[in-house]
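Here's a quick look at how some of the pieces in this model sit against each other. Have the structure open while you read.

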Amino acid sequence: MNVTYITLDGYLEVEKYRYVYFFIMFISYILILSSNTTVVCVIVIHKNLHEPMYIFIAALLVNSMLFSTAVYPKLLIDLLSEKQIITYQLCIFQSFLFYSLSCSEFLLLTAMAYDRYVSICKPLQYPTIMRKAKVSSFLFLAWLVPACHIAVPAIVFAYLKLCSFSLKGIYCNISVNYLFCVASRALSVYGVVALFNISLLPMLFILFTYTRILMVAYRSCGEVRKKAAQTCLPHLLVLINYSCLITYDVVIVRLQSNISKTVRFVMTLQIIMYSPLFNPIMYGFKMKDIYKHLRRLFYHFRGP
């Protein structure tokens, strides 16, 4: 059976800075796993955090760890290898995980926005609307819907003929499109529809819900405004941060020939480092109840 290899040509002077890159990426991966796991464990252990908002936060942090695990282990292996290569089949699978989990983050943020909307705009109906069954359905769909959307092009890619075997990146993303001999118009149309369904539509819904929350908070008493600020601000900051990173990814792919290798490399590192590290810090320090338990945990380990 023939195996097709793709060269990952996005590294910058890897021979010279191999061990520096490896050390930075290894420490980053450990920090991502440890920080996200700590916050998730705090939410799981303490029963007063077993509410929809905190369950969605835990799911978002688990998603960040899955996203990082889809990229970092292969990245670390490549940094210690003489050649930075990947089989075409594994490249497609990595690209599938990258975009499936990226879109899952958007849908989880959408579920969190809906939860805050019901909590602030319809507080008396909140226990009835946000039941365990509905929360479980949101979590299931947040991972299933993107996976189904991204699986279609991933399967088609496996059967397309390649004319190029070098990828301008350090991991596989949508730039795989540039490897094919002939671009598929049908896939391009499908990609626009999928982008609308699992990225733009959730974004519009999030903007709508937070606009409604701001309107209700503005007309309400100070207590409601304080609750809206404390619970919604971290979600908005995470959303803005992640939207910028996804925009980076699109810009990098679209401007492949017009962007220097150094700029592309730095922007690519930001995509895979910032969000997984930013999320646990934001939710750990900005969410009052989570921060309270984290502070107790750190004091316990520090000792008397």
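## Ground rules

Axes here are lines fitted to C-alpha atoms, for helices over the stretch in contact, and angles run from 0 to 180 degrees between N-to-C directions. Helices (H or I, at least four residues) and strands (E, at least two) are DSSP runs, numbered from the N terminus.

This is a predicted model, with local features needing pLDDT of at least 70 and side-chain atom pairs counting only at pLDDT 80 or more, while totals for chains, interfaces and linings use all residues. Residues are numbered from 1 along each chain as its sequence is written, and side-chain values use heavy atoms, leaving out hydrogens and water.

## Helix 3 against helix 8

Helix 3 (residues 88-121) packs on helix 8 (residues 261-286) at about 30°, the axes being 13 Å apart. That makes the two roughly parallel (angles under 35 degrees).

On the helix 3 side, the contact (heavy atoms within 4.5 Å) takes in Phe98, Glu105, Leu109 and Met112; helix 8 brings Ile271, Ser275, Asn279 and Tyr283. Sorted by type, the residues of this contact are five nonpolar (Ala, Val, Leu, Ile, Met, Phe, Trp, Tyr, Cys and Pro), two polar and one charged (Asp, Glu, Lys and Arg; the others, Gly among them, are polar).

Strand 1 (residues 5-8) pairs with strand 3 in the parallel sense over two bridges, and Leu8 stands opposite Leu167 in strand 3.

Technical notes:
Parallel < 35°, antiparallel > 145°, perpendicular 65-115°, else oblique. Pairing = 2+ DSSP bridges.
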